[in-house]
Amino acid sequence: MTTIKPAVLLCAALLLAGCAGFSQDGGFDPVQQSAERQLDKQLLWARDEAGRSQIEVRVAELLAEPLSLDAAVQLALLNNRGLQASFDELGIGEAERVQAGRLPNPGFSYGRLEKGSEVEYERGLHLNLARLIALPLTSRLEGRRFEQLQRQTSLAVFELASETRKAWYQAVAAEESLVYARQVLDAAEAGAELARRMAAVGNFSKLQQAEQQNFYAEAGIGLLQAEQARVRSREQLTRLLGLWGEQLDYRLPERLPALPKTADELPDVERLAMNQRQDIQAVRLDAERLAQNLGLTRTTRFINLLELGVVNNRSNEEPTQRGYEISVELPLFDWSGAKVARAEAQYRQALNRAAETAINARSQVREAYHAYRNAFELAQHYRTEVLPLRQRIAEENLLRYNGMFISTFDLLADARRQVQAVDGYLQAQRAFWLARADLDMALLGAPNPSLGAAPAAAAEPAAAGH
């Protein structure tokens, strides 16, 4: 029978642990490449003052011009401190991965015993053999966990990009709505002033004057609400962009992007989502990690405490004792059955969560696509039907006014209705772009992180249960 010497075990362990080191990019490159591929945007991780200075320079360049949609998304991906904290989580995860691949520290013991004139010295070197045996498996587990963390970080990037797009649409639309609210107020003020003068000379009843004053009062309320909506939406965008101080004076475009002529046709939207959703791929890794964990539990169930020790005992009256000892915990009472059962239950739970999320993902993307199509139809109806009709009515009323068939108040009331129709189109246009952003996010990952995820293997929900 061949005896494996402790030195051989130690050398083998050193070879196994040789690959456990820090990467140059800290695990950031896959996240950066994902952002470039899916968003066509640059990511920077400020790990030192030089990195922070580089970001500040780029932010200043983006703020020098009115903030377009692309510029706003790029700025948020560079300057949002919450996203930078997610990048720092990569650093923490990589440290844990490296730590899992490191050899367990050996223990050293020293003893000096006296028995009459005899003095005995004990020296021992101990190594946790159980951890050493499990080192390749635990290292692999931490590697999978780190890959999952990278995918979760990529999903955080996509979520921030989506939220920034929506906040930008809200902020620009609020600026436009404020302009229209002021126009309505100006028309109502002109009507109220004219009604006051006509009532003063007896050409207007008190009821007619009160109606014009009421229009003016309601228009004032509308302006106040529009101003509050502008502040709220702008501050939401500001938080996502990570701006403060003098940066708060950033400028936005005057109008939302024009409505496209046609909406995108995505007949196979479910399969598209199953192929590229980051959260689904992340939980696939989680299920694989749990499967590995189950295997690890079964492997080490009988060696919960296994230590290798090198012994060197010396006495001033006896020859020096040399050798090694192995201690093992005897599984008399705890055979690790509970540990294995727990791991198996966790794995089944992961598969069920995966199946659930595959079903949810399909539903989410169907709902988002339907909302996108519906929002386009509504905005297109405003553009092709409502606005041309309002314009035609305005032209006819102007002709009637010039022919003295309607009063100035009728003309002002029609002007208010025309502005309100334009504002209605603006809101429909905003709803369309928000629905577009939601659809894009639904294709990349769950809009709400609490919704969970499903493995890529679960493209068909039933497959996740195998």
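Student: What kind of model is it, and what are the ground rules?
Tutor: It is a predicted model: local features need pLDDT of at least 70, side-chain atom pairs count only at pLDDT 80 or more, and totals for chains, interfaces and linings use all residues. Residues are numbered from 1 along each chain as its sequence is written, and side-chain values use heavy atoms, with hydrogens and water left out.

Student: How many helices and strands in the chain?
Tutor: Eleven helices and four strands. These are DSSP runs numbered from the N terminus: H or I of at least four residues for helices, E of at least two for strands.

Student: What share of the chain is buried?
Tutor: 41% of the 466 residues. Buried means under 20% relative accessible area, exposed means over 50%, and partly exposed is in between, with a 1.4 Å probe and protein chains only.

Student: And the accessible surface?
Tutor: About 26000 Å², with 53% of it belonging to carbon and sulfur atoms. The method is Shrake-Rupley with a 1.4 Å probe; for residues, only the protein chains shown count as cover.

Student: Of the contacts between residues at least 6 apart in sequence, what share joins residues at least 24 apart?
Tutor: 81%. Contact means heavy atoms within 4.5 Å.

Student: Now the largest nonpolar core. Which residues have the most contacts inside it?
Tutor: Leu-43, Leu-67, Val-157, Trp-168 and Leu-241, in a core of 80 residues. α6 is the top contributor to this core, with 19 residues. Such a core is a set of buried Ala, Val, Leu, Ile, Met, Phe, Trp, Tyr and Cys residues joined through side-chain atoms within 4.5 Å.

Student: What is Leu-67 in contact with?
Tutor: Skipping neighbours within four places in sequence, the partners of Leu-67 include Trp-168, Leu-241, Tyr-250 and Pro-253.

Student: Staying on α6: is Thr-153 buried or exposed?
Tutor: Thr-153 lies in α6, and it counts as buried because its relative accessibility is 4%. Beyond four places in sequence, Thr-153 touches Val-31, Ser-86, Phe-87 and Leu-90.

Student: Where is Gln-278?
Tutor: In helix α9 (residues 278-299). Gln-278 is buried, at a relative accessible area of 6%.

Student: How far is Gln-278 from Ser-154?
Tutor: 7.4 Å, C-alpha to C-alpha, though they are 124 residues apart in sequence. Gln-278 also touches Ser-154, and its other partners beyond four places include Ser-34, Arg-151 and Leu-444.

Student: What about phi of Asp-40?
Tutor: Near 55°, a positive value in a residue other than glycine. Asp-40 sits in the loop between α2 (29-38) and α3 (49-63). At 65% relative accessibility, Asp-40 counts as exposed.

Student: And phi of Met-404?
Tutor: Near 65°, positive too, in a residue other than glycine. Met-404 is in the loop between α10 (337-402) and α11, and it is exposed because its relative accessibility is 74%.

Student: Last one. Where does Pro-106 sit, and what does it touch?
Tutor: Pro-106 is in the loop between α5 (81-100) and β1 (107-115). Not counting residues up to four places away, Pro-106 touches Leu-125, His-126 and Leu-127. The C-alpha atoms of Pro-106 and Leu-125 are 6.7 Å apart.
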